[in-house]
Amino acid sequence: MGELKSRSGISDTPARTFMGRRVRAFALMALLVALSLSLTGCGYAISQLTPEKEIAPAPVVETAPAESTGDQTIVAGDTVEPSVKVLSDLPREPLEIPPEAVLEAHEKVLTGIYDRLVPSVVQVRAFASFGDGMEGQDSPRIPFNFGLSGGSGFVWDDQGRIVTNHHVIDGANRITVTFADRTELQAEVLGSDPDSDLAVLQVEETDYRMPAVELGDSSAVLPGHFALALGNPFGQEFTITDGIISAVGRTIRSGNSQFSIPQVIQTDAPINPGNSGGPLLDRRGQVIGVTSQIISRTGANSGIGFAVPINTAKKVIPSLIETGKYEYSWLGISGASVGGDMAEANGLPRDTRGALIIEMSPDGPAAQGGMVGSESSEPMDGVDFPVGGDVVVAIDGSEIEDMDQLITYLIDNTRPGDEIEAEVIRSGGERETLTITLGTRPSPGG
């Protein structure tokens with residue numbers, strides 16, 4: 001090897017040897033650090049590493065002219081970069097989780113929610129007397145033929161208020177609620193709403209601790225989400241069942257009035273008589289609905305259950321507590337969804353969407369606002385379709401695609417006395433905007 005000189009031009013072999021060793025040591029250390037980061041994935045920078053992400057080079061190593069290090073040559077001005085290929089070339093074994101661990105985790109979720117929520121769930125017993133009863137010699141008339149209905153409920157707040165279904169307590173003259181520890185308390189109805197099938201009870205004054213549930217957001221619920229039902233099916237106290245959310249946005253008749261409940265949650269979590277009024281929960285144990293109905297040919301669960309969305313309860317319950325009732329805006333119509341054959345029967349393009357007005361209350365807001373209902377029917381393929389009525393396609397600029405959406409819009413966005421701008425397609429095909437002042441829904445029998 002020939003003699004090397006420093007940058008000053010003076011022969012300095014010892015200095016060269018010392019500097020070369022330092023360079024080699026520094027370079028080797030840089031390589032080891034880069035390799036360590038690549039292999040272990042440690043540190044914030046490596047956690048952000050992707051094949052598409054540019055990696056900043058290591059600092060330039062200032063060295064003397066090129067010198068052999070054995071199997072690698074480091075040249076002055078070279079940079080040392082960790083290679084992305086080191087990560088991508090590593091073998092990736094599939095993550096194997098024992099089935100027992102999955103089952104154990106599932107069980108822990110269920111038991112955790114049950115243990116936390118069951119103190120907030122009650123069994124509701126409603127008693128009603130019928131007939132004139134009998135009169136003793138020295139006693140007042142004693143009613144007989146007691147009727148008993150049972151259901152479920154849950155603690156709404158720390159003031160001893162219990163939420164259940166209207167149909168559970170309808171017509172009762174005595175109500176009791178029983179907690180999981182067998183504590184039984186008398187309760188009275190604060191308010192009830194047959195249109196949403198919701199009711200609020202007030203328990204008797206007591207020092208008994210009643211933890212309130214945590215309310216969720218039913219608008220965030222999606223098909224496939226986890227669902228749990230707590231309640232007292234067939235009188236079997238404080239039962240938990242699980243399943244999924246089968247569908248959202250259903251519209252069902254309340255069973256207690258002529259009006260429908262929109263945005264209802266459908267679940268396959270087993271629900272049976274006695275579950276009515278109990279909470280439907282998500283995987284966090286938050287209440288997303290109030291179980292209300294099932295579809296069944298036998299009266300037992302067939303995998304189709306419905307729950308009133310908790311967002312509806314959030315609007316209705318405070319009013320029931322304050323005034324004993326909830327007032328809905330009222331348009332005064334009955335109708336059907338338009339599309340396909342219905343649109344064609346009315347002389348409209350098949351892709352027309354909206355809500356066809358079939359009937360109207362004679363003195364209702366729609367009639368007073370100039371809306372027109374169907375006057376005849378048109379047969380198509382053996383089916384009679386109502387024709388001639390206005391088709392509502394928008395309210396206040398919001399598109400209306402079917403009757404369910406019309407009902408939902410009125411409940412969610414309007415109150416009695418509000419003015420709305422309803423865009424309709426008339427029987428001749430022309431569009432017109434009508435200004436209508438909404439009324440108040442009549443009470444049952446009103």
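Contact here means heavy atoms within 4.5 Å. Helices (H or I, at least four residues) and strands (E, at least two) are DSSP runs, numbered from the N terminus. What you're looking at is a predicted model, where local features need pLDDT of at least 70 and side-chain atom pairs count only at pLDDT 80 or more, while totals for chains, interfaces and linings use all residues. Residues are numbered from 1 along each chain as its sequence is written, and side-chain values use heavy atoms, with hydrogens and water left out.

Let's start with the barrel. Six strands close up in the order E9-E10-E11-E14-E13-E12, with antiparallel pairing; two strands pair if DSSP finds at least two bridges between them. From one strand to the next, the twist averages 50°. Angles run from 0 to 180 degrees between N-to-C directions, and the axes are lines fitted to C-alpha atoms, for helices over the stretch in contact. To see one of the pairings, find strand E11 (residues 260–267) and strand E14 (residues 305–309), which are joined antiparallel over three bridges. Gln266 sits opposite Phe306 in E14.

Now for the helices. H4 packs on the sheet and touches strand E9 (226–231), strand E10 (239–253) and strand E12 (279–281), its direction making about 40° with that of E9. Helix H6 (residues 310–323) lies across strand E13 (287–294) and E14, running at about 45° to E14.

H4 itself covers residues 99–117 and holds Val102. Together with Leu95 and Ile97, Val102 makes a nonpolar patch on the surface, with about 350 Å² of accessible area in total. Patches are made of residues with over 30% relative accessible area and no salt bridge, joining like charges within 9 Å and nonpolar side chains (Val, Leu, Ile, Met, Phe, Trp, Tyr) within 5 Å. The areas come from the Shrake-Rupley method with a 1.4 Å probe, and for residues only the protein chains shown count as cover.

On to the charges. Side chains of opposite charge can pair when their charged atoms come close. A salt bridge is a side-chain nitrogen of Lys or Arg within 4 Å of a carboxyl oxygen of Asp or Glu, and the whole structure has 12 of them. Take Arg426, which bridges to Asp390 with the closest N and O atoms 2.7 Å apart. This pair links distant parts of the chain, 36 residues apart: Arg426 is in the loop between strand E22 (419–425) and strand E23 (431–437), and Asp390 is in the loop between strand E19 (383–387) and strand E20 (391–395).

How buried are these partners? Buried means under 20% relative accessible area, exposed over 50%, and partly exposed in between (1.4 Å probe, protein chains only). Arg426 is buried at 14%, and Asp390 is buried at 1%. Arg426 also meets Glu432 in a salt bridge (3.0 Å, N to O), and Glu432 is partly exposed at 33%. Elsewhere, salt bridges that share partners join Arg125, Arg182 and Glu237 into one network. Asp341 and Arg350 form another salt bridge, with the closest N and O atoms 2.9 Å apart; Asp341 is partly exposed at 31%, and Arg350 is partly exposed at 44%.

Last stop: Ser398, in strand E21 (residues 398–399). Ser398 is partly exposed at 30%. Leaving aside neighbours within four places in sequence, Ser398 is in contact with Val393 and Tyr409.
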